[in-house]
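Welcome, and thanks for stopping by. Let's look at this model together.

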Amino acid sequence: MRCYNCGCDLTGHNFCTNCKVDVTNYKLVISASNLLYNDGLEKARVRDLSGALVSLHQCLKLNKNHVDARNLLGLVYFELGESVQALNEWVISKNLQSKKNVADDYLNLIQSNPGKLEALNATLKKFNQALTYCYQGSLDLAVIQLKKVLSMNPKYLQAHQLLALLYINSEEWGKARKELERCLKIDINNTIALRYTQEINQTLGESGTPGSQGKGKNTVKASLTKSKNVSDEAYQYQSGNETIIQPYKVSEGKTVTSIGNLIIGIGIGLAVAWFLILPARIQHAQAGVNEEMKVVSEQLDVKSATINELESKVKALENEKQKLEGQLDGFVGTGGTLEDVNNLLQAVRIYIETPEEVMKISEYLEKINPESVTEESSESFTALYDLLLGEVGSQLGEQYYAAGMDAYQDGDYELAVQELTRAAAYDATNVDAYFNLANSYRKLERDMEAIAAYEKVIELFPSTEKANRSQSYINELTAE
Amino acid sequence: MINFEEELKKFHLSLEIEEAEDALYRKNLTDISDLVVEVVKEAKQNKE
């Protein structure tokens, strides 16, 4: 504490030790000032900003050098949207105490951000413009301007108050009440807001009879009444010729509206998902499936080609197998090479053991396929066969020829054909065997075979008597 | 009953940043100590 007269620091005495002036009352004043500061601080802490403003102003009336009170006053002004007044208080505070002063921080915070400062100034200008509109009677423009102001600085108390007044004037009670509620959130004991709220409540609660008109042009004209049919949560009033029912609890309406908006938003989201996102997902999935189908088709083609190739190989192998089986049958089966060899060996064995048993030898020789002897057999087989045939062939030929002729003379031409055929086979030089074989065919009226046999005679024994006779028979047979 | 015109008169134009300096100079910073000093000074002058 400093002496108000000389500025020297005061002690516990009731006088200044420097200028000797009495400071008893001064100390009381300073004490009262501090009490008011504390009161202002308490009120500011509970957002009773109006009360804080009064206390801090009184504090500074008693002690203009109270730096903390001035800083707090600036802060309260700033909270209420009165930026210039806040800056003034902080500037004065800084001049009173240049060091260790929180006002310095506040000022630096604002001055270091030119954009913020410009925005604050623009807010003030717009509010002034709105107030000018009100003075000029352009209330709609004022409302628009105030909405802009509040969008820039939602804590501008005076703008809320003015907007509430405009809503009250236009009998928009719900909106007015909302603005007043916002005022009271910023400043819980704001006198104007409380008074307007009270006025609205009284107007809505103590209204006269329905259909009553307002008393003046600029007076709130609505005459309101509680309807018997309307619930306690709503009130009904007459505005001109219109009966308006408005709920008391606007917040419930807000809640319902919020839920409605939420449901609409969800619906829109689902619609967007259904019409925009889902088709894209389906298309993407279809593209994936098509790609997989393509890959699978390619694999199927490759496997089909492999199967065809394998089937071709199987067919080739089956053909080869059949061919080999045929060859094996040729060697092993009836009339096969092995059997021919076996028969020849049997014939040779019999010839060696009992050369006179030519008929037995003949049995085995006849089992040998004559075609295989010439085409498929080996040289040794052919040589052995020819050797054996040379040894016993003439005898066999003679025996078969004799048997054949006996049968021929007996008229058994069938047997004659068999015997003479063997005789011709074992003795190719026996022209009689051939000739009588042909005769046997002729007797049996097997003309074609007879002609062939006669032609054989002409071929093997040309220019012989038998050949001439054969030709004669051929002529006869062909003439028939 | 709220009178719009009367209520409107209670609203004042806000100070803008450009006006801050002038407002600062115009601000009356006199406190009770200044008044006491002034009163004492006048009393002394009257005695003389």
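This is a predicted model: local features need pLDDT of at least 70, side-chain atom pairs count only at pLDDT 80 or more; totals for chains, interfaces and linings use all residues.

Visitor: How many helices does chain A have?
Guide: Helices here are DSSP runs of H or I with at least four residues, and strands are runs of E with at least two, numbered from the N terminus. Chain A has three strands, and its helices number 19.

Visitor: Are helix 16 and helix 17 of chain A roughly parallel or roughly antiparallel?
Guide: Their axes, lines fitted to C-alpha atoms over the stretch in contact, come within 9 Å and cross at roughly 155 degrees. Angles run from 0 to 180 degrees between N-to-C directions; under 35 degrees counts as roughly parallel, over 145 as roughly antiparallel, 65 to 115 as roughly perpendicular and the rest as oblique. Therefore helix 16 of chain A is, relative to helix 17 of chain A, roughly antiparallel.

Visitor: Which helix of chain B gives the most to the side that touches chain A?
Guide: Counting residues as in contact when their C-beta atoms, placed from the backbone, lie within 7 Å, 23 residues of chain B touch 33 of chain A. Helix 1 (4–9), helix 2 (20–26) and helix 3 (32–47) of chain B each supply at least two residues of that side. With four residues, the one giving the most is helix 1 of chain B.

Conventions: Residues are numbered from 1 along each chain as its sequence is written. Chains are lettered from A and ligands numbered from 1 in the order in which they are written. Two residues are in contact if their C-beta atoms, placed from the backbone, lie within 7 Å.
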